[in-house]
Amino acid sequence: MDWQLMESDPPKVLELFAPAKINLFLRVLGRRADGYHQLETWMQKLDFGDTVSLQPTLDGVIRLSCSDSSLPQDSSNLASRAAALFFALSSRGKGYGADIRIEKRIPVAAGLGGGSSDAGVVLRGLNRLFGGEFSEEQLASMGLQLGADVPFFATGHDAVIAGGVGEEMYPLPGLQGYGIVLVNPGFSVSTRWVFENLGLTTELKESKLASFRKDAFALLTRGELVNDLESVTLASYPELMKIKSDLVDAGAEISLMSGSGPTVFGLFPDASKSAVALQAVADEMRRKFGERVFVARAKVGASPSG
Ligand code: ATP
């Protein structure tokens, strides 16, 4: 459909779900000569996330408001930057602007990809509002200009193995059969600080991407999932070790830090825990580590973000 926004049209508002993600494994191969870190990671979207509302405007201005007043409410917000990039590249959107409203639920700088998700769904949403000018691949490469995790959120894939500096993505089936408890200890961790403290040489470790792609779920069932960034974040925040071990004591098959942290998640097999029992685990975690504890599942299939 060659849809064009007309002055006579009622303004369309699109409400989008911007999911959080967890990294089921994350391996750092090293740092390239240009300074970029080369990663291999299995990312899974969750049914827990932000809500992003988009309304195109005729005045060419991008405005943003966010329920979390500590986040930038101007053109520096990653979601505004995504909209600016879209309008700069789109011929159908030329001259238009957008009002963006973010209801923030994903803790910030938490390893859950909140900013990247808001930005990715803005790209997807604007593309939908302006007639689907760009393919998913084009949206993903636009996303890469904004951050390594944005391409994943600019596509409809629920789970991917990603490699390189974010530009390689291979879809995987979503994780089924597990309840997920996320424990965020209430402080934020800068992704940049974590990478700066990794102390890598420029020599790259061997890629295992081919076997990960074939066998990711086998690694999960064998309990061999790792996150190389734990070495930095856990060493500085021993409380995270305690969260990890408490989740395992409560019945998690695996507990791991997500991304650069500090959020830690536990995977609880459905066969071992009812939804009620999982809520009890979450209540216990809240008592020990504070309010930011969430029960989630892997996102499977369509959502308003497409
Ligand atoms: P990742 O896992 O992708 O590294 P993260 O979950 O650790 O991300 P974010 O929540 O995306 O971190 O926030 C990182 C920084 O981005 C914050 O310091 C924040 O000020 C900035 N930021 C800009 N826009 C947003 C947004 N819409 N939501 C969250 N953070 C944003």
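1. Helix 8 and helix 9. The crossing of helix 8 and helix 9 is right-handed; a crossing is called right-handed if the near helix is turned clockwise from the far one by less than a right angle, and left-handed if anticlockwise. Helix 8 covers residues 239-249 and helix 9 covers residues 275-289, and the two pack at an angle of about 160° with their axes 12 Å apart. They are therefore roughly antiparallel to each other. Angles under 35 degrees count as roughly parallel, over 145 as roughly antiparallel, 65 to 115 as roughly perpendicular and the rest as oblique. The axes are lines fitted to C-alpha atoms, for helices over the stretch in contact, and the angles run from 0 to 180 degrees between N-to-C directions. Helices (H or I, at least four residues) and strands (E, at least two) are DSSP runs, numbered from the N terminus.

2. Basis of the model. This is a predicted model, in which local features need pLDDT of at least 70 and side-chain atom pairs count only at pLDDT 80 or more, while totals for chains, interfaces and linings use all residues. Residues are numbered from 1 along each chain as its sequence is written, and side-chain values use heavy atoms, with hydrogens and water left out.

3. Helix 2. Helix 2 runs over residues 114-129, and its 16 residues should span 22 Å at 1.5 Å a residue; the end C-alpha atoms are 22 Å apart, which agrees. The expected span is 1.5 Å times one less than the number of residues. Of the 16 residues, 14 are buried, so helix 2 is largely enclosed by the rest of the structure. Buried means under 20% relative accessible area, exposed over 50%, and partly exposed in between (1.4 Å probe, protein chains only). Just after helix 2, G131 adopts a positive phi of about 80°.

4. Partners of helix 2. Helix 1 packs with helix 2 at an angle of about 30°, their axes being 8 Å apart. That angle makes helix 1 roughly parallel to helix 2. Their crossing is right-handed. With helix 3, helix 2 packs at an angle of about 140°, the axes lying 10 Å apart. Helix 2 is therefore oblique to helix 3. This crossing, between helix 2 and helix 3, is right-handed.

5. Aromatic pairs. Rings of Phe, Tyr and Trp (its six-membered ring) pair if their centres lie within 6.5 Å; planes under 30 degrees apart count as stacked, over 60 as edge-to-face and the rest as tilted. The count by this rule comes to 12 aromatic pairs. One of them joins F86 and F87 edge-to-face, at 5.7 Å centre to centre and with 85° between the planes. F87 also pairs with F130: the ring centres are 5.7 Å apart and the planes stand at 85°, so this pair is edge-to-face. Ring pairs link F86, F87, Y96, F130 and F134 into a cluster. Within this group, F86 counts as buried at 0% relative accessibility, and F87 counts as buried at 11%. F130 is buried as well.

6. Charges over rings. A charge sits over a ring if NZ of Lys or CZ of Arg is within 6 Å of the ring centre and within 35 degrees of the ring normal. The charged end of R213 is placed over the ring of Y170, 3.6 Å from its centre. K45 lies over the face of F152, 4.8 Å from the ring centre.

7. Backbone details. Most residues other than glycine have a negative phi, and most peptide bonds are trans. A109 has a positive phi of about 50° although it is not a glycine. This residue, A109, lies in the loop between strand 4 and helix 2 and counts as partly exposed at 37% relative accessibility. The peptide bond from G261 to P262 is cis, with omega near 10°. P262 belongs to the loop between strand 8 (254-257) and strand 9 (264-269).

8. Contacts across the sequence. V181 is in strand 7 (residues 178-183) and is buried, with a relative accessible area of 0%. V181 and A252 are 71 residues apart in sequence and 8.8 Å apart in space, C-alpha to C-alpha. R101, in strand 4 (residues 97-103), counts as partly exposed at 31% relative accessibility. From R101 to T51 there are 50 residues in sequence and 8.1 Å in space, C-alpha to C-alpha.
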